[in-house]
Amino acid sequence: MSVQVTGISGIPLIQKGDDLPAIICRNTTFEDEDILCIASTIVSKAKGYTRALADITPSPDALRISGLTKEDPRFIQAILDSSTEIIQEYPFILSEVPCGHVGVRAGVDNSNIEGENIIILPKDPSAECREIRDSIKKITGKNVGVIVTDTCGRAFRRGQCGNAIGWAGMTAIRDFRGDHDLFGLELEITEEAVVDEIAAFSNFIMGESNNGIPAVKFSGCGTWKGHDSLYFTKEEDLIRKAMKR
Ligand code: GDP
Ligand code: MN
Ligand code: MN
Ligand code: MN
């Protein structure tokens, strides 16, 4: 397998109302089975999933948590508003967001946005992916997989990685269960989170600061079989259970 990875340059600073698929298609070409990773930051900016700190009034809870974390209580309030379940408040808020993703500060982000504004994760990032995929199909005639990414911290290891928070045109997981290894052993457990692997490498191409590369194209990944149950159920999630104790 040989995979070509291309950072898509020429994308302007994204504003609310911008047509991302059109902008991306002006700056690259697509073939069937290509995979397009897009930073959630620009999806949110294009869709207006942003907030001005000046418009946010912190609740008593936000003020209390802000006393612990020393962060702006308006920023904390935006995190609370974006969360469906708070797993931990301190030293940073760890919470679940509506799509099932669990992340630090609910993915609320103040990087790469102008002024005293913050970026909120799309509520249904896979729906954003489907919309972008459909638009690219209309513009180019090609069937492209789409992943919306965000840079996330990890348990157990230092260093952030790109994660897939939404996807379309592929399954999240490549399921190896039932396959046989080199010696005929049947695999019983192995499910590979392919969308996260691809998102992680796209994040490497994007960088975090001033690269100006919010979209990355992968050619040659092929296809795989699997399923979309990327998130543990609360019953399955041992770490979450331990943290809630
Ligand atoms: P996040 O991981 O979704 O929070 O996105 P980042 O803030 O880490 O940005 C990822 C990449 O996109 C970096 O290379 C940024 O410089 C770039 N980026 C962010 N916003 C824009 C934008 O509006 N236009 C362009 N061209 N690049 C952007
Ligand atoms: Mn950011
Ligand atoms: Mn982010
Ligand atoms: Mn990032």
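**Close-up views of a predicted model**

**View 1. Two manganese ions.** The manganese ion (ligand 4) and the manganese ion (ligand 2) lie 4.6 Å apart. This is a predicted model: local features need pLDDT of at least 70, side-chain atom pairs count only at pLDDT 80 or more, and totals for chains, interfaces and linings use all residues. Residues are numbered from 1 along each chain as its sequence is written, ligands are numbered from 1 in the order in which they are written, and side-chain values use heavy atoms, without hydrogens and water.

**View 2. Donors at ligand 4.** Thr151 (OG1) and Glu208 (OE) coordinate the manganese ion (ligand 4) at 2.1 to 2.2 Å. Donors are N, O and S atoms within 2.8 Å of the metal (3.2 Å for Na, K and Ca); water is not among the atoms, so sites may look incomplete. Thr151 is partly exposed, at 28% relative accessible area. Glu208 is also partly exposed, at 44%. (Buried is under 20% relative accessible area, exposed over 50%, partly exposed in between; 1.4 Å probe, protein chains only.)

**View 3. The largest nonpolar core.** This core has 23 residues. Ile24, Leu36 and Ile38 have the most contacts inside it. (A nonpolar core is a set of buried Ala, Val, Leu, Ile, Met, Phe, Trp, Tyr and Cys residues joined through side-chain atoms within 4.5 Å.) Nonpolar side chains tend to be buried together in soluble globular proteins.

**View 4. Around Leu36.** Beyond neighbours within four places in sequence, Leu36 has contacts (heavy atoms within 4.5 Å) that include Ile8, Ile24, Phe30, Ile132 and Val216. A second, separate core has 20 residues, among them Cys37, Val194, Met206 and Cys221.
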